Amino acid sequence: VMLASLRSLVPKDWDGDHEVAWGWLWENVERMLKNLMGKPQIQEKALERLIMSLTEDSVNYLRREVYKRFFALAPAGQDYFKQSTTRLYWIADKIVEMTIEMYREP
């Protein structure tokens, strides 16, 4: 289905090389996902231990780094995040909570 969908988006340019590259991409995605089977449970526990071990200073550093890196990668994001520092920290905390939750409930 995905191959047909992509092929329909670029019908004039699509050729055999594209078919091979598309197949290679998804074979690699499949291989990587198979290699991760069973690991999320281990990673969840490690992530939770890390988060629980952070000091308040470390948590504040993490919060600042989230936005520092985000704004470096997507400067236009600054136009949408004009809230107070308290609100931005709350959003960063939710990101961490949601990350842990993704491991628990994929």
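What span should the 20 residues of helix α5 (residues 85–104) have at 1.5 Å a residue, and how far apart are its end C-alpha atoms?

Reply: This is a predicted model, in which local features need pLDDT of at least 70 and side-chain atom pairs count only at pLDDT 80 or more, while totals for chains, interfaces and linings use all residues. Residues are numbered from 1 along each chain as its sequence is written, and side-chain values use heavy atoms, with hydrogens and water left out.

Helix α5 should span 28 Å, and its end C-alpha atoms are 29 Å apart, which agrees. The expected span is 1.5 Å times one less than the number of residues in the helix. Helices are DSSP runs of H or I with at least four residues, strands are runs of E with at least two, and both are numbered from the N terminus.

Within α5, the residues Leu88, Tyr89, Ile91, Ala92 and Ile100 are buried; buried means under 20% relative accessible area, exposed over 50%, and partly exposed in between, with a 1.4 Å probe and protein chains only. An α-helix has 3.6 residues a turn, so residues three or four places apart point the same way. The cover over the buried residues of α5 includes α3 (39–53) and α4 (56–73).

Glu44 is placed in α3 and counts as buried because its relative accessibility is 15%. Apart from neighbours within four places in sequence, Glu44 is in contact (heavy atoms within 4.5 Å) with Tyr103 and Arg104. Arg63, in turn, is placed in α4 and counts as buried because its relative accessibility is 13%. Not counting residues up to four places away in sequence, Arg63 touches Glu56, Tyr89, Ala92 and Asp93. Tyr89 and Ala92 are also among the buried residues of α5.

Along its principal axes, the C-alpha trace spans about 55 × 40 × 20 Å. Of the 106 residues, 15% count as buried. Among contacts between residues at least 6 apart in sequence, 51% join residues at least 24 apart.
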